[in-house]
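Here are my notes on the aromatic rings in this one. Have the model open while you read.

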Amino acid sequence: MKFVDDIGLGAAQKLETAVGPFVALPAYKRLLVRTAEPSFAARAALGALRCAVRLGEEREIEDIAAYWSTLSGSGPHLPAILELCRQLARFGRKSAALTLAGAEVEREESARALYLLGRMLELTGDGDGAFVAFGKAAARADAEKGAADVAVASRARRVERLLGDRTTAALAVADAASADPAGAPPDHKLVIALGRLRSPSRFVRASGLSLLEELGRDPTTSLGRLAIRLAAEHADALGDALTPLEADRVAATLRHVPDDAARENALARLAAAQAIAASRGEAQAEAITRAGELAPEIFPLVCRARATLTGGGQGDYGPSPSASTEPSSPSLRLASLGLAAYVALGKGRPREAAEALTEATDLVTSGGVGVAPPVWTAARAALGSTEPLARAAGVRLCEVLLSGPSAAPPGGHSAFALALARAGRTDLAVRAARDAVTGKESSARALLGSILREQGWALAAAGQRELAIAALVEAKEHLAAAGKDGARGR
């Protein structure tokens with residue numbers, strides 16, 4: 001750095017302190033030359049940026065930010081840029097903050113700079129851009145020393161955005177599963193837990209429940225109470241499909257309920273659900289009845305479950321003082337609708353089945369409700385119905401279920417793929433078969449290949465040559481791979 005430059009920078013800094021940004025800004029700008037030594041240029045540019053931010057001169061900020069982006073190798077200056085972005089955001093100058101964050105990424109593409117860019121993109125309403133920036137930040141943080149906090153924060157931000165989109169469950173699960181929550185703030189742990197609860201793997205779901213148990217250890221906080229409620233809702237949503245591993249984690253969370261009576265009641269309901277899952281035949285019917293006695297508010301659901309098991313009517317077991325209304329919990333209501341539709345289909349009442357299936361579709365579409373096994377069972381039964389009304393309602397429900405984040409249906413996705421193909425919806429059948437392949441179900445690739453082959457010939461007959469060729473080529477690949485797997489004895 002030249003001696004004269006040092007004097008010029010010192011003079012600009014004195015003007016900034018003694019007189020103010022209006023006079024100091026031109027002095028700083030005279031020092032912004034391309035040939036300046038990088039560390040000197042960075043200090044001069046930061047001074048100019050401070051003045052421009054205090055003055056609210058967005059055009060000046062953009063010009064100086066363009067210069068800032070060229071100062072590669074000028075040293076670590078992210079804390080100063082972060083503070084300037086905070087000031088701009090606080091003053092409502094979101095576009096200028098985004099410009100400055102982008103310039104910092106161009107100057108030094110670090111994990112923290114990318115995370116800052118993601119936050120500024122969020123601030124300006126560019127959710128898709130923020131999602132990409134957070135993904136880059138997480139990947140860079142994995143390779144950078146001391147950036148573990150950025151990795152988990154970036155993935156938590158991505159999961160948070162994905163939780164509101166039913167079509168991106170796999171991405172949410174992947175980010176949540178790869179995020180290391182150790183040392184993360186509680187709100188990030190909650191988001192990661194919710195992402196993991198969407199996984200088809202019971203081990204990943206159990207790890208999410210472990211995070212909820214950790215948060216629920218302090219039920220005096222709103223976050224702790226929410227964690228306990230989410231664990232209970234997860235158990236309600238899965239019902240008798242809840243695995244012992246998950247039940248153990250849910251029970252550990254419920255033990256943090258401060259009210260003795262509420263805690264014991266919740267644990268008793270969980271134990272009843274586990275008893276239902278572990279029993280068969282008449283023993284299961286008795287377990288369901290005991291569950292109804294423990295929780296009178298689910299009496300309508302209990303009656304339908306008994307009717308499904310025994311072939312009886314929904315009113316065969318007498319009235320209950322608490323049975324005047326349907327279950328108020330969305331997850332229990334959804335399970336009730338699934339059982340109602342299944343019983344109606346068995347009794348040849350297609351209109352009642354269609355109404356229950358339609359209401360279930362609306363409830364699933366609204367989001368935030370776990371899909372219990374009876375809903376999948378009812379949807380699959382409707383696909384095989386000879387009544388167009390019920391079959392159409394079943395197809396609509398399947399379309400929503402297959403686009404959502406739910407765990408695999410009872411019996412796997414392969415059975416659904418076959419049922420959808422027989423119902424004439426090869427597009428949905430392909431989707432279900434792909435899920436079966438992802439879930440590594442037995443003979444799933446052969447199934448996907450055969451469905452794609454049928455779809456390809458149908459497209460060819462309809463004159464859609466390019467789509468037909470694409471389907472047939474992919475079908476050939478899957479069938480060939482399935483043949484190789486079979487030859488190896490898989």
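How many aromatic pairs does the count come to? It comes to two, where rings of Phe, Tyr and Trp (its six-membered ring) pair if their centres lie within 6.5 Å. This is a predicted model, where local features need pLDDT of at least 70, side-chain atom pairs count only at pLDDT 80 or more, and totals for chains, interfaces and linings use all residues. Residues are numbered from 1 along each chain as its sequence is written, and side-chain values use heavy atoms, with hydrogens and water left out.

1. Tyrosine 115 and phenylalanine 134 have ring centres 5.4 Å apart and planes at 45°, so this pair is tilted (under 30 degrees counts as stacked, over 60 as edge-to-face, the rest as tilted). Tyrosine 115 belongs to helix α7 (residues 111–123) and phenylalanine 134 to helix α8 (residues 127–143), so the pair links distant parts of the chain, 19 residues apart. Helices here are DSSP runs (H or I, at least four residues), numbered from the N terminus.

2. Tryptophan 376 and phenylalanine 416 make an edge-to-face pair, 5.3 Å centre to centre with 85° between the planes. Tryptophan 376 is in helix α20 (residues 373–383) and phenylalanine 416 in helix α22 (residues 413–422), 40 residues apart. Both are buried.

3. Arginine 158 lies over the face of phenylalanine 131, 3.9 Å from the ring centre, and arginine 90 lies over that of phenylalanine 91, at 5.8 Å. The rule asks for NZ of Lys or CZ of Arg within 6 Å of the ring centre and within 35 degrees of the ring normal.

Methods:
Helices (H or I, at least four residues) and strands (E, at least two) are DSSP runs, numbered from the N terminus. Buried means under 20% relative accessible area, exposed over 50%, partly exposed in between (1.4 Å probe, protein chains only).
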